[in-house]
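Trainee: Hi, could you walk me through this one while I have it open? I'd like to begin with the inside.

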Amino acid sequence: MTKLQVAIDLLTTADALALAEKVAPHVDIIELGTPLIKSEGLGVIRAVKDAHPDKIVFADLKTADAGALEARIAFEAGADLVTVLGTADDSTILGAVEAAKEAGKGIVVDLIGVADKAARARQVVDLGVEFVEFHAGLDEQAQPGFSLTTLLEAGTASEVRFSVAGGVNIHSITAVKAAGADVAVAGGSIYGAVDPALAAAALQAELN
Ligand SMILES: O=C(CO)[C@H](O)[C@H](O)COP(=O)(O)O
């Protein structure tokens, strides 16, 4: 079954906790977005994990260097999954994987900016990561003519465990499921909705 991950790209711990409270019954994974962690620090990870100990808490660090160190401090703060960039050196990913093994947790590689995503996905899975995120970032989504289709095709072709992020919404979520994604990531379509709980519930219903 495809899991649902909410990406919280808000800027304060209070707003993140309020959103998490509303949507937690409808999601499997709660992601603390990169801008949120940069704005509030690692304390936001602890706050959300303490409030939702039953949920998988995903710290979107997008680590580019010092993989072991950055992963370790996020795990110590309560994260269950931490992201490292697919453009990082293999040694950075391996360091983060080592830290994850020590903590009994996992690393997700974010393929944002990677040209041949399917090939890199297979490489990093061999390095021991939990799964791979086929991701079109917010800036890429804003380009004219952006479509999720290429991302989904690459995910399917990779034949690894993967998530999809790139403006996933109620119109695209069935295609994400059909592509075989293990996780559908939705940020703006949940936190930007008038009723985030309703939006998350509608996405969840499409995945069941
Ligand atoms: O990591 C991110 C941006 O770099 C976002 O969290 C991710 O793209 C999901 O949000 P959205 O559904 O709004 O695209």
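Trainee: Which residues have the most contacts inside the largest nonpolar core?
Mentor: They are Ile8, Ala59, Ala79, Val82, Ile107, Val164 and Ala184, in a core of 70 residues. A nonpolar core here is a set of buried Ala, Val, Leu, Ile, Met, Phe, Trp, Tyr and Cys residues joined through C-beta atoms within 7 Å. Buried means 20 or more other C-beta atoms within 10 Å of the residue's own, with C-beta atoms placed from the backbone.

Trainee: And which element gives the largest share of this core?
Mentor: That's α5, with five residues. Helices are DSSP runs of H or I with at least four residues, strands are runs of E with at least two, and both are numbered from the N terminus.

Trainee: Before I go on, where does the model come from?
Mentor: It's a predicted model, so local features need pLDDT of at least 70 and side-chain atom pairs count only at pLDDT 80 or more, while totals for chains, interfaces and linings use all residues. Residues are numbered from 1 along each chain as its sequence is written.

Trainee: OK, back to Ala59. What does it touch?
Mentor: Leaving out residues up to four places away in sequence, Ala59 touches Leu32, Ile37, Ile45, Ala74, Ala79 and Val82. Contact means C-beta atoms, placed from the backbone, within 7 Å.

Trainee: Switching to the strands: how do they run?
Mentor: Eight strands form a closed barrel in the order β1-β2-β3-β4-β5-β6-β7-β8, with parallel pairing. Two strands pair if DSSP finds at least two bridges between them. From one strand to the next, the twist averages 25°.

Trainee: How many bridges join β6 and β7?
Mentor: Four, in the parallel sense, between β6 (residues 131-135) and β7 (residues 162-165). For His135, the bridge partner in β7 is Ala165.

Trainee: Where does α5 lie?
Mentor: Helix α5 (residues 90-103) lies across β3 (56-63), β4 (81-85) and β5 (106-110), at about 155° to β5. Axes are lines fitted to C-alpha atoms, for helices over the stretch in contact, and angles run from 0 to 180 degrees between N-to-C directions.

Trainee: Last one: how much of the chain is buried?
Mentor: Of its 208 residues, 49% count as buried.

Conventions. A residue is buried if 20 or more other C-beta atoms lie within 10 Å of its own, exposed if 12 or fewer, and partly exposed in between; C-beta atoms are placed from the backbone. Two residues are in contact if their C-beta atoms, placed from the backbone, lie within 7 Å.
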